[in-house]
Amino acid sequence: MIRPFFLILCFQLAGEVIARGSGLPLPGPVLGMALLAASFLAWPALFARLRDTANGLLAHLPLLFVPAGVGYIQYLDLLRTDGWRIMLVLVASTALAIAACALTFQWLLRLTRTEEDTSA
Amino acid sequence: MITDIWSYLTEGSLVWLAMTVGAYVGAERLWQLSGRKAWGNPIMVAILTVSGTLLITGTSYQTYFEGAQFVHFLLGPATVCLAVPLYTNLGNLRKTALPLLVALVVGALVAMLSALLLAKWLGLEGELLISLAPKSVTAPVAIGISERIGGLPTLTAAMVLITGVIGALIVTPLLNAIGVRDWRARGFSAGVAAHGIGTARAFQVHRTAGAFAGIGMALNALLTSVLAPYVLALIQ
C-alpha cells in the first residue's frame, strides 16, 4: 500500500514541477493525472500495481471536500446580505450548465450514431 | 475539568481531524439508511454538521483547518488517481471525442455566461460579480483565474464549493427530468459544471459516469482558464 502511494505522490510532484515550470493554467495534480494516464499507456504493468490503491482513495473522494467546503463560514456576513441573490445565481447557472452540456452530448451521440451507454 | 480538556483539545489538530472524518462517516451512514437519496448527499450533510459545530463552539475556520488539512491534502493524490478510471475508459473516450468536446465548450460557456448575466441582472457587481465567473472550475484553478481577472480568490473558493454541492444535489433529478440517460453524458456534465464535487457524486452513481466527470473537470479547468477573460470583457 505504501509503495503505490509513494508512486502517486511522485506523479503529483512531477505535475507540480511541470505546472510551475511551464506556466500552464492547470493545477499540479491535474497534470499529474494526465502524466499517470500516459504512463499507463506506456507501461500497462504500472496500472496493475496502482489500480487498487487508486480505487481505494477514490472511494472516499467526497470526504476530501469537507474541509474546503466548510470554508463558506468565512463569508457568512456576505451571505446574510447578498446570500439569496448569490444562491439564485449559483442554482440557476449550475442547472443550466449541466442541462446544456448533457443535452449537447446526448444530441451529438445520436447525430453521430454512437451507441448509448445506459447499462446498470 | 471538562472545559480544560475541551480547550486543550480544540487548540490541537486531532479533535477537528476526528470531527471531519466522523461527520462524514455519520453522514454517509445516514445517506445509506435514507436509500441514497440525492438530497441526503453526505458531502453537504458533513459540511453542515462541521460548520454548525464550529459556529456553536465559536471556533475559527483557521483553527479548524489546522486539523482538517490532513484530509484536505489527500485531494491532490486523489486527483492524480483519476488517471485509473480515465485509463479504463480510453476506448470509450475515443468513441465520444466529438460529442464530448462540443459539450465541453457549450457547458463552459453556459456556466460562465449564465452566472454573470443573471448576477448582473440581480444587481450584483464589482469584485463579487467577477468572483462568480470561474465558479464551475476546480478550486485551485478557479482561484488562479479569479486573481487574474480581478476577483477575490477566497470568495471564489467559497462560490466554487457551494456550486459543487448544488451540482451534486441537483444533477440526478435534473438529468432524469430532461431525459439524459447516457452515463458518459451524465457524468461529463456533472464534472464540467460542478468540478470535483460533481465528480465525487458521479462516482456514487456509476463508474463510467465518474470517469467522464473526472475528464470533464480537467478539460473545463483548461478551457475556462483560457476563456474567462474574454467572457468577462464581453459582459462588462
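Student: What share of the 120 residues of chain A count as buried?

Tutor: That comes to 49%, where buried means under 20% relative accessible area, exposed means over 50%, and partly exposed is in between, using a 1.4 Å probe and protein chains only. Bear in mind that this is a predicted model, in which local features need pLDDT of at least 70 and side-chain atom pairs count only at pLDDT 80 or more, while totals for chains, interfaces and linings use all residues. As for bookkeeping, residues are numbered from 1 along each chain as its sequence is written, chains are lettered from A and ligands numbered from 1 in the order in which they are written, and side-chain values use heavy atoms, leaving out hydrogens and water.

Student: What makes up the secondary structure of chain A?

Tutor: There are 6 helices and 0 strands, counted as DSSP runs numbered from the N terminus (H or I, at least four residues, for helices; E, at least two, for strands). Read along the sequence, that gives α-α-α-α-α-α.

Student: Over to chain B. Why is Ser131(B) called buried?

Tutor: Its relative accessible area is 0%, so it counts as buried. Ser131(B) sits in helix H9 (residues 126–132) of chain B. Beyond its neighbours within four places in sequence, Ser131(B) is in contact with residues including Ser146(B), Leu152(B) and Met159(B), contact being heavy atoms within 4.5 Å. Its side chain also reaches the backbone oxygen of Glu127(B) at 2.6 Å.

Student: What makes the Ser114(B) and Ser93(A) pair a polar contact?

Tutor: Their side chains are 2.9 Å apart at that contact. The cut-off is a pair of N or O atoms within 3.5 Å; within protein, one must be able to donate a hydrogen and the other to accept it, and residues adjacent in sequence count only if both atoms are side-chain atoms. Ser114(B), in helix H8 (residues 97–121) of chain B, also touches Leu96(A) and Leu109(B). At 13% relative accessibility, Ser114(B) counts as buried.

Student: How do you know whether Arg49(A) is buried or exposed?

Tutor: Its relative accessibility is 51%, so Arg49(A) counts as exposed. Arg49(A) lies in helix H3 (residues 44–58) of chain A. Setting aside neighbours within four places in sequence, its contacts are Arg3(A) and Pro4(A). Pro4(A) is 45 residues away from Arg49(A) in sequence, yet their C-alpha atoms are 6.8 Å apart.

Student: What makes the phi of Arg113(A) worth a look?

Tutor: Phi is near 50° there, a positive value in a residue other than glycine. Arg113(A) is in the segment after helix H6 (76–111) and, at 77% relative accessibility, counts as exposed.

Student: And what is the phi of His195(B)?

Tutor: That one is near 40°, again positive in a residue other than glycine. His195(B) is found in helix H12 (residues 183–205) of chain B. Its relative accessible area is 2%, so it counts as buried.
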